[in-house]
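Load the model and keep the selection tool ready. This tour moves from the whole chain to single side chains.

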Amino acid sequence: MNPVVPLLLLVVLLLAACQGHNPYTAQSRPLPPAPVPAGSQLDLSAYPAPARDFARYRNWAWREQPAGSAWASSALVQEALSNALDQRGLRPAPPDSAADLEVSTEMRLQRRIRQVADHYGGYYGHGRYWHDYGLWGRAPLARTYVEEVLVVNIDLFDGQDGQLVWRGSAEMLSDGSQAERSKALRAALRRALENYPPT
């Protein structure tokens, strides 16, 4: 018997089975009516917020005065952040007018542990070729360091509606003398503001 005949017979049976009555029918229920205020009120929450125009932010004022600490006085923090904001085109607001931006900052020192592994080793061999004989070995030496890291967070709020419009943060090693810590503070504030204004 030709092997194609059973295959053709199977295909014919499957096609005949597909010609039967389909017990499933498409049904749908009508949509419920829309709420009454839906046609007259605009739901602004359904749309994305409009993009902020950062070019209109020209000056700033403190939202809250930054607190000093044992390693940086409040005056040093205010002066360093004022200089960093000035480099981004933001000037202090005049005392008798409302500021475009309100600035808040938070700084803290964190102690972190850093481990460095060095691998020391050597090779001793003899002969014209490497496979003659030899001695090889490595000994890892791990060193642990405790470092102080300065963590800076800067928040900028819109002066009119009070909403947070931008946030930046940075970290910097803060070991050494008081002068080196002041330098690390200034560098961390500049780094935190590097991406302002956002593009």
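**The whole chain**

Begin with everything selected. Of the contacts in the protein chain with a separation of 6 or more, 69% are between residues 24 or more positions apart; a contact means heavy atoms within 4.5 Å. This is a predicted model, where local features need pLDDT of at least 70 and side-chain atom pairs count only at pLDDT 80 or more, while totals for chains, interfaces and linings use all residues. Residues are numbered from 1 along each chain as its sequence is written, and side-chain values use heavy atoms, with hydrogens and water left out.

Colour by secondary structure. The protein chain has three helices and five strands, in the order α-β-α-β-β-β-β-α along the sequence. Helices (H or I, at least four residues) and strands (E, at least two) are DSSP runs, numbered from the N terminus.

Now colour by burial. Buried residues are 24% of the 199 in the protein chain. Buried means under 20% relative accessible area, exposed over 50%, and partly exposed in between (1.4 Å probe, protein chains only).

Select residues 4-18, which are helix 1. Its 15 residues reach 22 Å from first C-alpha to last, close to the 21 Å expected at 1.5 Å a residue. The expected span is 1.5 Å times one less than the number of residues. How many of the 15 residues in helix 1 are buried? The count is zero.

Move to residues 74-87, helix 2. Its end C-alpha atoms are 20 Å apart, which agrees with the 20 Å its 14 residues should span. Show Leu76, Val77, Ala80, Leu81, Ala84 and Leu85, the buried residues of helix 2. Look down the axis: these buried residues fall within an arc of 160°, so they line one face of the helix. The arc is that of the directions from the helix axis to the C-beta atoms. Step on to Gly89, which follows helix 2 and has a positive phi, near 85°.

**The core**

The largest nonpolar core has 30 residues. Such a core is a set of buried Ala, Val, Leu, Ile, Met, Phe, Trp, Tyr and Cys residues joined through side-chain atoms within 4.5 Å. Helix 2 gives the largest share, six residues. Select Ile154, Leu185 and Tyr196, which have the most contacts inside this core. Around Ile154, look for the residues it touches, including Leu81, Val103, Trp166 and Leu189.

**The aromatic cluster**

Show Phe54, Tyr57, Trp166 and Tyr196, which form one aromatic cluster. The structure holds four aromatic pairs. Rings of Phe, Tyr and Trp (its six-membered ring) pair if their centres lie within 6.5 Å; planes under 30 degrees apart count as stacked, over 60 as edge-to-face and the rest as tilted.

Take Phe54 and Tyr196: edge-to-face, 5.7 Å centre to centre, 80° between the planes. Phe54 lies in the loop between helix 1 and strand 1 (59-62) and Tyr196 in the segment after helix 3 (178-192), so the pair ties together parts 142 residues apart in sequence.

How buried is Tyr196? Its relative accessibility is 2%, so Tyr196 counts as buried. Trp166 and Tyr196 also pair edge-to-face, at 5.4 Å and 80°.

**Two last stops**

Check the peptide bond from Tyr196 to Pro197: it is cis, with omega near -5°. Most peptide bonds are trans.

Finish at Arg63. Its charged end sits over the ring of Phe157, 3.8 Å from the centre. The criterion is NZ of Lys or CZ of Arg within 6 Å of the ring centre and within 35 degrees of the ring normal.

Conventions. Lists of a residue's contacts leave out its neighbours within four places in sequence.
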